[in-house]
Amino acid sequence: MIARVRAGEPEAYAELVRAHTGIALRAAAALGAGADAEDVVQQAFVKAYCALGRFKEGSAFKPWLLSIVANETRNTVRTAARQRTLAGREAAFAEAEPLIPESADPAVATLESERRTALLTALDKLSEEHRLVVTYRYLLEMDEPETAQALGWPRGTVKSRLNRALRKLGRLLPDFQPREGGDER
């Protein structure tokens with residue numbers, strides 16, 4: 001696909017954008033872009049297109065794009081209001097999630113909402129590196145190699161930081177039980 005883009009085929013990049021917009025929006029929202037998530041993602045796709053010359057042949061596009069989304073999100077958050085409230089991030093994250101069907105049990109929906117709020121509160125208490133690794137591995141459902149590529153860290157660093165982050169989450173969330181080894185799934 002990248003070769004087609006580099007060859008000047010505009011529809012090829014449009015296909016990449018369509019294929020990765022959803023996860024890019026979830027990443028931006030999960031990393032704190034809030035209402036600016038769409039702007040962040042649009043800017044990330046523009047920067048990715050401009051940087052395609054530096055893209056390594058044979059690499060996966062998704063982790064590379066998400067590292068750009070993470071950087072754009074970080075820049076947007078820093079230049080915008082320095083402090084977003086947890087409620088604002090929760091609202092933006094909830095918008096990126098699929099709507100609960102009307103047939104869903106309200107008690108289950110309420111429990112899921114409470115769990116999400118507790119998780120976001122706990123994530124907010126982690127250091128940035130721990131929040132990033134948990135977000136990529138679990139909220140964005142990336143595997144370990146993709147997470148390592150997206151964050152620009154060695155796989156061993158991803159494993160150790162994930163392990164430490166899960167232990168901290170275990171202390172912050174009474175119902176949370178981290179698995180051993182850092183290769184959870």
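Here is a quick briefing on the core, the aromatic residues and a few helices of this structure.

You're looking at a predicted model, where local features need pLDDT of at least 70, side-chain atom pairs count only at pLDDT 80 or more, and totals for chains, interfaces and linings use all residues. Residues are numbered from 1 along each chain as its sequence is written, and side-chain values use heavy atoms, with hydrogens and water left out. Helices here are DSSP runs (H or I, at least four residues), numbered from the N terminus.

**The core**

- The largest nonpolar core has 47 residues; such a core is a set of buried Ala, Val, Leu, Ile, Met, Phe, Trp, Tyr and Cys residues joined through side-chain atoms within 4.5 Å.
- "Buried" means under 20% relative accessible area, "exposed" over 50% and "partly exposed" in between (1.4 Å probe, protein chains only).
- Phe 61, Leu 66, Val 69 and Tyr 136 have the most contacts inside this core.
- Helices that give two or more residues to this core include α1 (2-6), α3 (37-50), α6 (106-125) and α9 (155-172).

**The aromatic cluster**

- A search of the whole structure turns up 4 aromatic pairs. Rings of Phe, Tyr and Trp (its six-membered ring) pair if their centres lie within 6.5 Å; planes under 30 degrees apart count as stacked, over 60 as edge-to-face and the rest as tilted.
- Take Phe 55 and Trp 64: their ring centres are 4.9 Å apart and their planes meet at 70°, so this pair is edge-to-face.
- Phe 61 and Trp 64 make a tilted pair, because their planes are at 50°, with the ring centres 5.8 Å apart.
- Put together, Phe 55, Phe 61 and Trp 64 form one aromatic cluster.
- Phe 61 and Trp 64 both sit in helix α4 (residues 61-79), 3 residues apart, or about one turn of the helix.
- Phe 61 counts as buried at 8% relative accessibility, and Trp 64 is buried too, at 16%.
- Beyond its neighbours within four places in sequence, Phe 61 is in contact (heavy atoms within 4.5 Å) with Ile 2, Tyr 13, Leu 16, His 20, Leu 52 and Phe 55.

**Also in α4: Ser 67**

- Ser 67 is another α4 residue, and at 16% relative accessibility it counts as buried.
- Leaving aside neighbours within four places in sequence, Ser 67 touches Tyr 136 and Ala 150.

**Helix α2**

- Helix α2 (residues 10-30) has 21 residues and should span 30 Å at 1.5 Å a residue, which agrees with its end C-alpha atoms being 30 Å apart. That expected span is 1.5 Å times one less than the number of residues.
- There's a kink of about 50° in α2, centred on His 20; the bend at a residue is the angle between axes fitted to the seven residues ending there and the seven starting there.
- Buried residues in α2 include Tyr 13, Leu 16 and His 20.
- After α2 comes Gly 32, with a positive phi near 110°.

- Val 133 lies in helix α7 (residues 128-139) and is buried, at 0% relative accessible area.
- Not counting residues up to four places away in sequence, Val 133 touches several residues, among them Trp 153, Arg 161 and Leu 162.
- The C-alpha atoms of Val 133 and Leu 162 are separated by 6.0 Å, though the two are 29 residues apart along the chain.
- The charged end of Arg 161 sits over the ring of Trp 153, 4.4 Å from its centre. For this, NZ of Lys or CZ of Arg must be within 6 Å of the ring centre and within 35 degrees of the ring normal.
- Arg 137 lies over the face of Tyr 138, at 5.6 Å from the ring centre.
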